[in-house]
Amino acid sequence: MEKLEELLTHITSRININLKPMGIDVEPILKNAIPRERHLLYYAFYALTTDHPLSFRFTNSSLGGTYFLGKTLVDRSVLYKSDIRGDELKRKGDVVEFDGIKTKLFYNEVIRIINSYLVKTLVHNYSHNPEIPEVFKILNTVAMHYSNIHGTTTEGVFLGPFATVDFSYMHNCVVGEYAYVQAGDLSRQVIEPGRVWIRYNGLFEFNYIYPEGVLKKYISMDENGSLSGEFFDHVDERKEDFLPIYSSISPEPFEGKGDGAYVSPYAVLKGNCTIGDNALVAQRAHVEDSVFGNGSNAQENCYIMNSVYEGLDITAHGAKVINTRLGNKVFVGFNSFLHGKKPEHITVGRNSIVMPHTIIDSDEPIAIPENSMVWGHVTCQADLATQCMTLDAMSAATDITMGNMTFKGDGKAFVDAFRERIEHILEANGAYYNGTENTRGHAQKTQDACFNILQPFQSGPEQGMYPSMTIGD
């Protein structure tokens with residue numbers, strides 16, 4: 001494993017150059033986060049569809065268990081069981097608009113990952129960086145277990161476990177565990193663990209910070225990169241369910257799904273599951289004894305158990321939904337944790353928004369009213385007094401403090417932005433597919449996807465590394 005050790009040393013030095021001013025040393029974390037033998041155990045794989053250009057290049061990297069879709073270049077990086085989704089990469093000739101200024105792409109957008117170390121990380125390209133619309137760049141970046149890089153270019157960034165960076169562009173930043181950031185252009189910022197920060201172009205700013213001591217119950221990482229807490233325990237207890245499908249070259253497809261629906265062969269479905277028309281269950285999703293109404297979805301690293309989705313419900317990357325009933329068109333944000341103790345112990349009314357990185361964990365029933373938004377750490381119905389409000393009330397707000405949440409700016413713009421995003425997700429996933437070409441989405445475009453495996457060297461100095469290769473153009 002000489003080449004792998006050299007690669008880890010190289011990545012460590014590049015990232016520490018960026019992050020030393022921020023007080024971070026990634027050497028002990030990179031040294032211990034993935035046992036060396038695991039780099040040999042898992043295939044990498046890439047998807048082929050007629051809707052996504054065949055264009056991959058991998059050089060000087062280790063890719064164990066990682067999934068690729070869309071034009072991607074990986075150089076001098078370690079990607080372990082990550083998901084690199086380029087299904088919304090822009091094409092040559094597309095016109096994009098940033099703050100009223102339009103520009104045309106002069107070549108197909110590409111995901112470029114260089115000098116980086118991603119562990120069980122979801123990368124979704126939908127870039128919002130106006131400076132380089134042709135390149136979705138992840139450079140000198142560490143992203144720990146179950147973090148999300150969504151629409152965010154990163155240069156010299158450290159993401160703690162279960163952290164999310166969303167619709168931003170970041171330079172030399174540290175994002176603590178279970179923090180969520182959607183705040184535009186950020187440089188030399190340290191985002192404390194458990195902070196939920198949403199800011200847009202001077203229009204509005206939402207801030208929430210988890211009370212001291214709460215997060216330790218759910219997620220904690222020591223100085224060597226070892227994880228503990230309920231979030232980690234929940235996924236760790238179910239990891240064996242994925243072994244049969246990730247050990248197979250051609251996993252068995254799920255039968256009985258509705259018309260226009262897609263269930264990835266790399267998802268786990270257990271028990272009695274119903275998948276409605278135009279629903280989508282992405283790779284690495286885990287669904288057990290649950291009902292998905294028409295147009296609903298479970299994105300990557302979601303865990304859904306004993307739950308009912310009435311229809312058009314969105315479960316964003318990494319969310320966990322247990323013993324819960326979602327009314328029609330409910331959005332459950334990134335890495336949220338809805339943990340009812342009995343069937344339908346948690347109910348969320350229709351057209352409601354569960355904010356990213358929300359924890360609803362209670363021994364008593366919890367009912368979120370329809371047309372509401374909820375955030376923070378909810379342990380009983382009474383907590384909703386300071387962590388839930390109607391969308392109408394939020395739309396009328398300009399300056400609010402409720403418990404550990406503050407909001408300033410245009411409440412209507414804030415609510416409208418969420419509603420527009422929910423519609424974009426539903427449309428992009430094909431939830432409204434009616435048989436016409438212009439209503440096709442991810443659920444329909446991946447119906448005929450085929451998957452090809454890549455294998456690492458099993459011996460010699462290259463052990464654990466992948467051959468350098470170019471696939472497609």
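Strands here are DSSP runs of E with at least two residues, numbered from the N terminus. One such run is strand 2, residues 55–59, and Thr 59 belongs to it. Keep in mind that this is a predicted model.

- Seven strands line up as an open sheet in the order 26-29-32-35-38-41-44, and their pairing is parallel.
- At the edges sit strand 26 (268–270) and strand 44 (377–378), each with pairing on one side only.
- Strands in a sheet pair through backbone hydrogen bonds, either parallel or antiparallel.
- For a worked example, take strand 29 (residues 286–288) and strand 32 (residues 303–305), which run parallel and share three bridges.
- His 286 faces Tyr 303 of strand 32.

**Leu 338**
- You'll find Leu 338 in strand 38, which covers residues 337–340.
- Leu 338 counts as buried because its relative accessible area is 0%, and the cut-off for buried is under 20%.
- Ile 359 is 21 residues away along the chain, yet its C-alpha atom is 6.1 Å from that of Leu 338.
- Beyond its neighbours within four places in sequence, Leu 338 has contacts that include Lys 320, Val 321, Ile 322, Thr 324 and Ile 360.

**Thr 59**
- The side chains of Thr 59 and Asp 75 make a polar contact of 2.7 Å.
- Setting aside residues up to four places away in sequence, Thr 59 touches Val 74, Asp 75, Arg 76 and Ser 468.

Definitions and conventions: Residues numbered from 1 in each chain as written. Predicted model: local features only at pLDDT ≥ 70, side-chain atom pairs only at ≥ 80, totals over all residues. Heavy atoms only, no water. Pairing = 2+ DSSP bridges. Helix = DSSP H or I, 4+ residues; strand = E, 2+ residues; numbered from the N terminus. Buried < 20%, exposed > 50% of the residue type's maximum accessible area, 1.4 Å probe, protein only. Contact = heavy atoms within 4.5 Å. Polar contact = N/O pair within 3.5 Å; in protein donor to acceptor, adjacent residues only side chain to side chain.
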